[in-house]
Amino acid sequence: AKATQSIMAIKVAAVGVAVVAIIAAIIMGPTAFLGGDVDISGSDNNLTVDGVAMPTQIKTTGTLQNFIGGGLRMKWGFKVYVVGIYSDPKVMTSLKKKYSGFEAKDSNLSDLATDFAKSKPARTVLLRFQRSVAASDISDALGEALKPKVGAASDEFQKFILDIVGSDRLEKGSGIYITCKGETLSASLTGGNDSSSIRIKGLCPAVFEVYLGDKAVSPQAKKGFAEGVATLMASE
C-alpha cells in the first residue's frame, strides 16, 4: 500500500511540473524553457560555445577578425545554432574611444551595439549549426527578422542565402559565415576568400541588429557580445 501511495505521489508531482511548464509557456513564451547562461570556454587557440567548437580568429574577405562573443540560438525550446560575433580589431579600437570603461550591464549597450553594426571595417556573424535544419527554414527565419529593417530587400537576401547553401539542408556542425565590409555583405560556408557577395543599402547594419538589437533573436549571443566587449576593453 505504501509503495502504491509513493507511485501515486510521483505521478501527481509529475503532472504538477507539466502544468507549471504549460502555464510558463503560455505566459512567457518558448524562452521559459531556456536554461541558464551559455558556457563559453577555451584556450588561446580555440574555444567552445555551449559545447560547440568555434575559432578564436577567422579570415574572411581578406581580413583577420577576432572573436568577441557569442551564444546559443534557440527556437521553440530546441538548440538550432551557436552564434559567434567577430570583427576587425579596428572596430574595437574605434569603439573604445567612445565607450571607454564599458561594462556588460551598462545602459549604453544599445548605442554601442548600433555603432558596431554600422561600422565599416569587417565584421562577421558565424552561425554553427547544432542540428540538421532545412536551408529554407534558416533563410526564411533570417528574412523574417530582416524584413522590418530592409523591407522587400529581405526576399533578395533569402534567395542569396539559399544560393550560398546550395542544398536542401544544413547538416549538424556546418556553418555560415556572413561578413560585412562597408556596404558589401559576403557569405560562404567555409570562410576564407571563397565567398559570394551582395550589396543592399542598410542590409549590413540590419544583419547585426538581428543579433545585437533591442529585439535580438538570441539574447544569449547579445549577452556574450556585451561581456566580450567589456573584457576586450578592460584588457587593452
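## Ground rules

Because the model is predicted, local features need pLDDT of at least 70 and side-chain atom pairs count only at pLDDT 80 or more, while totals for chains, interfaces and linings use all residues. Residues are numbered from 1 along each chain as its sequence is written, and side-chain values use heavy atoms, with hydrogens and water left out.

Let's start with β5, which spans residues 63-75. Strands here are DSSP runs of E with at least two residues, and helices are runs of H or I with at least four, both numbered from the N terminus. Most of β5 is covered, with ten of its 13 residues buried. Buried means under 20% relative accessible area, exposed means over 50%, and partly exposed is in between (1.4 Å probe, protein chains only). As background, side chains in a regular strand alternate between the two faces of the sheet.

On one side of the story is β4 (residues 57-60), which runs antiparallel to β5 and is joined to it by four bridges. Two strands count as paired if DSSP finds at least two bridges between them. Within this pairing, Q57 sits opposite N66 of β5. The β4 and β5 hairpin has two residues between the strands, and T61 takes a positive phi near 50° there.

Then comes β6 (residues 78-87), also antiparallel to β5, with nine bridges between the two. Here F67 faces Y86 in β6. This hairpin, too, has two residues between its strands, and W76 takes a positive phi near 55°.

## S188 in strand β11

Next up is S188, which lies in β11 (residues 184-188). Its relative accessibility is 6%, so S188 counts as buried.

The S188 side chain reaches the backbone nitrogen of T190 at 3.5 Å. A polar contact is a pair of N or O atoms within 3.5 Å; within protein, one must be able to donate a hydrogen and the other to accept it, and residues adjacent in sequence count only if both atoms are side-chain atoms.

## The disulfide

A disulfide is called when two cysteine sulfur atoms lie within 2.5 Å, and that rule gives a count of one. The pair is C180 and C204, with their sulfur atoms 2.4 Å apart. It links distant parts of the chain: C180 is in strand β10 (residues 175-181) and C204 is in helix α6 (residues 203-212), 24 residues apart.

The torsion about the S-S bond of C180 and C204 is about -95°, so this disulfide is left-handed. C180 is buried at a relative accessible area of 0%, and C204 is buried at 1%.
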